[in-house]
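Dear colleague,

Please find the structure below, handed over for your study.

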Amino acid sequence: MASQVFKKGPVTPQMNLTPLIDVVFLLIVFFMLVSNIIAEEAVEMVVPRLDDPKTSELGEVHRITVNVAPQPYSADRLRGNPLDFAGEAYEVKVGLQSFAIDDMAGVIAALEDAVAKGPTDKQGNSTVEVVLRADAALYYDAVQPVMQAITQAGIGKVNLAAFLPGHGQPNAQDKR
Amino acid sequence: MSRDTPSNLTADDADFVFATGPQVVHHRSVRKRRPVRTTRMQLNLTSMIDVIFLLLIYFVVTASFTVGEGVITARLPAGTGMVPRDTRPPERPLNVVLKSTGFADCFIAIDGAGPINNFGELAGTLIALQYDPPQGRSGVYRPDNPVLIRPDGQVRWQHVVNAFNATVKARYSNVAFATTGSS
């Protein structure tokens, strides 16, 4: 069955898949690692849903994520009104460190530590920002001490997490 | 090419020499010899690629970390490094009062005026109260006038952020949250 053009016989075309596999492996490793790290920092909660939100995505800044976590809940909560839930906080997480809800001294110390390690601008002021994630159903009583702790640690810029425009239906959302 | 047979050899010997001598000509065939098919070892990668793609899709899909979550940036004025301005007359803060009325509801008022039914209306009222001629706003409060959000302790966090969102929408730049003791 030698063809006229290729005297040596029929040529079966073959793709060299090695670089593709290389790239795909790298992607897999990347997503595995990153999803683990992010999941540790983002505690499962329902962030507030706003009327006509002015939220925007946070750019590239040096951030510390502070979570005020609600009581543990099951997936049933997401089917009803997310506010129909206990208002007491469960714990406070600064980055990857967990603190009891009444351990504000520990929270302040952790934040001050992060500020000391973080970057500064030309005047020597810290450029660290805080992302404050708190569950929509929490009482203001539970969140206010954390906000006060953030200001006491010398951080003036706080970003309050809420749903982005167009993402206002927590029922249809991922639980985080 | 001459073939000289030595005279002392017999005919049989001559035949032998003829057969094994250096003058033997090996005829090569005019037809080309077919190449020997060498079987190359090949790994069949198809099934591995299938599995890897499945894994990749799994991780890409599950890695939608904080779905649709954004932030509203607040500068908390209680922080250090804020210099009080003494060149301007002291301003009266605009109080946005939130009171818990039931399990998940709240009552909204501005400086005791109210009630305001929802946060859209709150933003509208805040805009009406603002003094900003380029924007066509002829209220009494400048955009940098302090706005104090005063929730009571039982107000849900969602309402607090909603009130803050309304002040941001009305373009007030100096918004603070009251401590629960002061409300």
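**What was found**

Buried residues make up 34% of the 176 residues in chain A; a residue counts as buried if 20 or more other C-beta atoms lie within 10 Å of its own, as exposed if 12 or fewer do, and as partly exposed in between, with C-beta atoms placed from the backbone. In chain B, buried residues account for 24% of the 183 residues.

Please note that this is a predicted model, in which local features need pLDDT of at least 70 and side-chain atom pairs count only at pLDDT 80 or more, while totals for chains, interfaces and linings use all residues. Residues are numbered from 1 along each chain as its sequence is written, and chains are lettered from A and ligands numbered from 1 in the order in which they are written.

**The two chains**

Chain A contains 3 helices and 5 strands. Here helices (H or I, at least four residues) and strands (E, at least two) are DSSP runs, numbered from the N terminus. From that terminus on, the order in chain A is α-β-β-β-α-β-α-β. Chain B has 4 helices and 8 strands, and its pattern along the sequence is α-α-β-β-β-β-α-β-β-β-α-β.

Contacts may also be sorted by separation in sequence. Two residues are in contact if their C-beta atoms, placed from the backbone, lie within 7 Å. Among contacts between residues at least 6 apart in sequence, 74% in chain A join residues at least 24 apart; for chain B the corresponding value is 59%.

**Where the chains meet**

How many residues of chain A are in contact with chain B? There are 59 of them, and they are in contact with 48 residues of chain B. Helix H1 (18–41), strand E4 (129–134), helix H3 (140–152) and strand E5 (157–163) of chain A each give two or more residues to this side. H1(A) gives the most, with 10 residues. The side of chain A that touches chain B comprises 34 nonpolar, 14 polar and 11 charged residues. In this division Ala, Val, Leu, Ile, Met, Phe, Trp, Tyr, Cys and Pro count as nonpolar, Asp, Glu, Lys and Arg as charged, and the others, Gly among them, as polar.

The largest nonpolar core has 72 residues, and those with the most contacts inside it are Leu111(A), Ile150(A), Leu160(A) and Phe164(B). A nonpolar core is a set of buried Ala, Val, Leu, Ile, Met, Phe, Trp, Tyr and Cys residues joined through C-beta atoms within 7 Å. Leaving aside neighbours within four places in sequence, Leu160(A) is in contact with Leu132(A) and with Val71(B), Ile72(B), Ala74(B), Val161(B) and Phe164(B).

**Two helix pairs**

Two packed helices are described by the angle between their axes and the distance between the axes. The axes are lines fitted to C-alpha atoms, for helices over the stretch in contact, and angles run from 0 to 180 degrees between N-to-C directions.

In chain A, the axes of helix H2 (residues 104–117) and H3(A) come within 9 Å and cross at roughly 40°. H2(A) is therefore oblique to H3(A); angles under 35 degrees count as roughly parallel, over 145 as roughly antiparallel, 65 to 115 as roughly perpendicular and the rest as oblique. Met104(A), Val107(A), Ile108(A) and Leu111(A) of H2(A) meet Pro145(A), Val146(A), Ala149(A), Ile150(A) and Gln152(A) of H3(A). The residues of this contact divide into 8 nonpolar, 1 polar and no charged.

In chain B, helix H3 (residues 119–128) and helix H4 (residues 157–169) pack at an angle of about 35°, with their axes 8 Å apart. Phe119(B), Leu122(B), Ala123(B) and Leu126(B) of H3(B) make the contact with Asn162(B), Ala163(B), Ala166(B), Thr167(B) and Lys169(B) of H4(B). Of these residues, 6 are nonpolar, 2 polar and 1 charged.

**Loop residues**

His62(A) is in the loop between H1 and strand E1 (63–70) of chain A. This residue is partly exposed because 14 C-beta neighbours lie inside 10 Å. The C-alpha atoms of His62(A) and Val128(A) are separated by 5.3 Å, although these residues are 66 apart along the chain.

Arg171(B) lies in the loop between H4 and strand E8 (175–177) of chain B. Its phi is near 65°, a positive value in a residue other than glycine. Most residues other than glycine have a negative phi.
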